[in-house]
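Subject: Structure handover

Hello,

Here is the structure for your set. My notes follow below it.

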Amino acid sequence: MIYSTEVSNMCRVAKGANHGPAPIPEEGQWIKAKEVSDISGLTHGVGWCAPQQGACKLTLNIKDGIVEEALVETLGCSGMTHSAAMASEILPGKTILEALNTDLVCDAINVAMRELFLQMVYGRSQTAFSEGGLPIGASLEDLGKGLRSQVGTMFGSKAKGCRYLEMAEGYVTKMALDKDDLVIGYEFMHLGKMMDAIQKGVDPKEALEKAKGKYGRFDEAVKYINPRYE
């Protein structure tokens, strides 16, 4: 350790206030975090790249400082999906500090990692007050049946109004309009359920029909439109 002349010539003053770090909530316990291995929890972080072309939602399940599980969801950028594929290989097995200082290929994923790191080390995880936290694989439960991210895609123009393209329930196949051309419901197709059925040998047409659902006053509509072509 190198000290400047000014510090070397100072007399020593004893340190009185030395109570250690404040305890933070982690998986149902109050922890005084001093080492990376003291950090545990499951939480989410959202990041974006400099041009704000796309965004990433990152979910990590950390046990004793080690990333045991990673879910990387991306939006709006085709290249980011390939970065996410690499990040899903890179992250598991690293300490949370290593993960913060690792190039996760895409700025949006790196920013998500930064935001998640801050939440974790300040005790603001989703599992802060859940005894024992959540098991490995818990992030997949957020995706639901079919293991697909919950995505909403809508478009609107002054000239032609709104178009519902994709809801959390799935790919929108029809919009229902009343006599005043107001939206009163929609029909959707759950792609995850359809693909699961096809992989099990169900005829694609039958699988498509079984994966369909409707929302709102769909059956009361005066007119139905395909939001992509009408």
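β3 and β4 form a hairpin, with 6 residues between the two strands. In its turn, glutamine 52 has a positive phi of about 55 degrees. Glutamine 52 is not a glycine. It sits in the loop between β3 and β4. With a relative accessible area of 61%, glutamine 52 is exposed. The cut-offs for that word: buried is under 20% relative accessible area, exposed is over 50%, and partly exposed lies in between (1.4 Å probe, protein chains only). Strands here are DSSP runs (E, at least two residues) and helices likewise (H or I, at least four), numbered from the N terminus.

This is a predicted model, in which local features need pLDDT of at least 70 and side-chain atom pairs count only at pLDDT 80 or more, while totals for chains, interfaces and linings use all residues. Residues are numbered from 1 along each chain as its sequence is written, and side-chain values use heavy atoms, with hydrogens and water left out.

Confidence

pLDDT is the predictor's confidence in each residue, from 0 to 100. The protein chain averages 93, and 100% of the residues score at least 70. Helix α3 (residues 96–100) has the highest confidence, at 96. Helix α5 (residues 138–141) has the lowest, at a mean of 88.

β3, β4 and β5 make an open sheet of 3 strands, in the order β3-β4-β5, with antiparallel pairing. The edge strands are β3 (41–48) and β5 (66–75), each pairing on one side only. From one strand to the next, the twist averages 15 degrees. That angle runs from 0 to 180 degrees between N-to-C directions, with axes as lines fitted to C-alpha atoms (for helices, over the stretch in contact).

Two strands count as paired if DSSP finds at least two bridges between them. β3 and β4 run antiparallel and are joined by 8 bridges. β4 (residues 55–63) and β5 pair antiparallel over 9 bridges. These two also form a hairpin, with 2 residues between them. In that turn, aspartate 64 has a positive phi of about 50 degrees.

How enclosed is β4? It is largely enclosed by the rest of the structure, because 7 of its 9 residues are buried.

Valine 46 has lysine 57 as its bridge partner in β4. Lysine 57 in turn has glutamate 73 as its bridge partner in β5. Further along, threonine 59 stands opposite leucine 71 in β5.

Salt bridges

The whole structure holds 10 salt bridges. The criterion is a side-chain nitrogen of Lys or Arg within 4 Å of a carboxyl oxygen of Asp or Glu.

One of them joins the side chains of glutamate 73 and lysine 57, at 3.8 Å, N to O. The pair links distant parts of the chain: glutamate 73 is in strand β5 and lysine 57 in strand β4, 16 residues apart. Glutamate 73 counts as buried, at 12% relative accessibility. Lysine 57 counts as partly exposed, at 30%.

Another joins lysine 223 and aspartate 181, with the closest N and O atoms 3.4 Å apart. This pair also links distant parts of the chain, 42 residues apart. Lysine 223 is in strand β11 (residues 223–225). Aspartate 181 is in the loop between β8 (170–177) and β9 (183–189). Both count as partly exposed: lysine 223 at 36% relative accessibility, aspartate 181 at 46%.

Lysine 179 forms a salt bridge with aspartate 180, and their closest N and O atoms are 3.4 Å apart. Lysine 179 is exposed, at a relative accessible area of 68%.

Another positive phi

Valine 105 has a phi near 80 degrees, a positive value in a residue other than glycine. Where is valine 105 placed? It lies in the loop between α3 and α4 (107–121). At 38% relative accessibility, valine 105 counts as partly exposed.

Surface patch

Met1, Tyr3, Val7 and Met10 make a nonpolar surface patch of about 530 Å². Patch residues have over 30% relative accessible area and no salt bridge; nonpolar side chains (Val, Leu, Ile, Met, Phe, Trp, Tyr) are joined within 5 Å, like charges within 9 Å. Areas come from the Shrake-Rupley method with a 1.4 Å probe, and for residues only the protein chains shown count as cover. Tyrosine 3 is in the segment before α1 (5–8). It counts as exposed, at 55% relative accessibility.

Best wishes
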